[in-house]
Amino acid sequence: MRVSRRSVLRLTAAFLSSTALAACTSGTFDRLGVETPGGGAPAPGEAPGATAIGTGQVRVGLVLPLSAPGNAGIAATSMRNAAELAITEFKNPDLQLLVKDDGGTPQGAQNAVQQALNEGARIIVGPIFAQSVSAVAPIARQRGVPIIAFSTDTNVAARGVYLLSFLPETDVHRIVDYSVSRGKRSFAALIPDNAYGTVVEAALQQAAARRGGRVVALERYPADPARRQEAIRRIAQAARRADAIFIPDNAETVPQVVQGLTAAGANLRRAQLIGTGLWDEPALFANPSMNGGWFAAPGADGFRNFSQRYRARYGQEPVRTSSLAYDAVALIAALVKTQGPQSLNDQSLTNSSGFAGIDGVFRFRADGTNERGLAVMEIKPTGSVVISQPPRSFGS
């Protein structure tokens, strides 16, 4: 059955409103989602966690690294709770979540997905890690079952494998679009020399060209602070030709880079500092050198309200990425309620009007990546404030 271009968006938004709707970004579960947990993760099946949530007829496989060590296991538990919260708040959806522990390994993910499919799963939610997503994609594709995964490595996205995650490319395009709209057309960039940096560098070049801007200088810098100085010095020299300086790194590194630019003579009153969602950290807001910086991120109200409901139920703070699991389950519940289980297919999931979630509107592209409606935030001494509201819907 064909899904109306507006029906799912409207119903999902109404559901989230009725339930009081207004990254783990370090270690093994990073924003790019390409690392796998280290250490001796238990083999799948050794750890408890293969349970069912809900009693509906439509079965959904929920594949998470529940027994993985460190941040990965913590994030997985929080995402499992968020999925359960969505089932509870949707008021008796016709769903049953088949919770499977993949142990944080590709082989574990294959076993988990195979189990879920054998038990009748019509769609798979998860895994988290890129290597695990790659490992399970052929298994699900052979059975004609779509996947909503949480990796942020777009190399693993494809038709039938949809990434519901915070993609760095979306951050970059939003902040560049806003900067150009404010007269900032020439960009200098200091970018970390890692996998995340490679992604955002390509996105910057593409976004600037698309909006008629230009990248006048770009340097990659290593993780070792002692080896960054030459790259910082060259960008400081180029800063007089730039309207904005792009530094897509975390709350620990960015202030060090900014202080280095100032020490090297860059006039940061003239060149606007801009960044990605990695800047969305209170530790960064407290640094005076970052005052006035701009970055793209989801609006904060949705996650704040979700966190209150999560704390009330589970007695602890949710991991930032847990909202993704909530949105995935809420979306599936909405599709099944409005269109029936036959709507869990590529056509429905790539509805161009998109869907309303905790972190704002989003939609899946046919290539498996996603587009999000992001806000632009400005750093103030008291925190961050919205200077450009996120869109409420997508244009044509």
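In which kind of crossing, left-handed or right-handed, does α5 pass α6? In this predicted model, the crossing of α5 past α6 is right-handed.

**Close-up 1. The packing of helix α5 against helix α6.** Helix α5, which covers residues 168–181, packs with helix α6, which covers residues 195–210, at an angle of about 35°, and their axes lie 9 Å apart. On the α5 side the contact is made by Pro-168, Glu-169, Val-172, His-173, Val-176 and Asp-177, and these residues meet a set in α6 that includes Tyr-196, Val-199, Val-200, Ala-203 and Leu-204. Sorted by class, the contact of α5 with α6 has 10 nonpolar, two polar and three charged residues.

**Close-up 2. Pro-146 in the loop between α4 and β5.** The loop that holds Pro-146 lies between α4 (130–142) and β5 (147–149). Pro-146 counts as buried because its relative accessibility is 6%, and buried means under 20%. Leaving aside residues up to four places away in sequence, Pro-146 touches Arg-122, Ile-123, Ile-124, Gly-160, Leu-344, Asp-346 and Leu-349. The C-alpha atom of Pro-146 is separated by 8.5 Å from that of Arg-159, although the two residues are 13 residues apart along the chain.

**Close-up 3. Helix α2 and the residue Lys-91 just after it.** Helix α2 runs over residues 70–89, and its 20 residues, at 1.5 Å a residue, should span 28 Å, which agrees with the 29 Å between its end C-alpha atoms. Of these 20 residues, 15 are buried, so α2 is largely enclosed by the rest of the structure. Just after α2, Lys-91 takes a positive phi of about 65°.

Technical notes
Residues numbered from 1 in each chain as written. Predicted model: local features only at pLDDT ≥ 70, side-chain atom pairs only at ≥ 80, totals over all residues. Heavy atoms only, no water. Axes fitted to C-alpha atoms, helices over the stretch in contact; angles between N-to-C directions. Helix = DSSP H or I, 4+ residues; strand = E, 2+ residues; numbered from the N terminus. Left-handed = near helix turned anticlockwise from the far one by under 90°. Contact = heavy atoms within 4.5 Å. Nonpolar A, V, L, I, M, F, W, Y, C, P; charged D, E, K, R; others polar. Buried < 20%, exposed > 50% of the residue type's maximum accessible area, 1.4 Å probe, protein only. Expected span 1.5 Å × (residues − 1).
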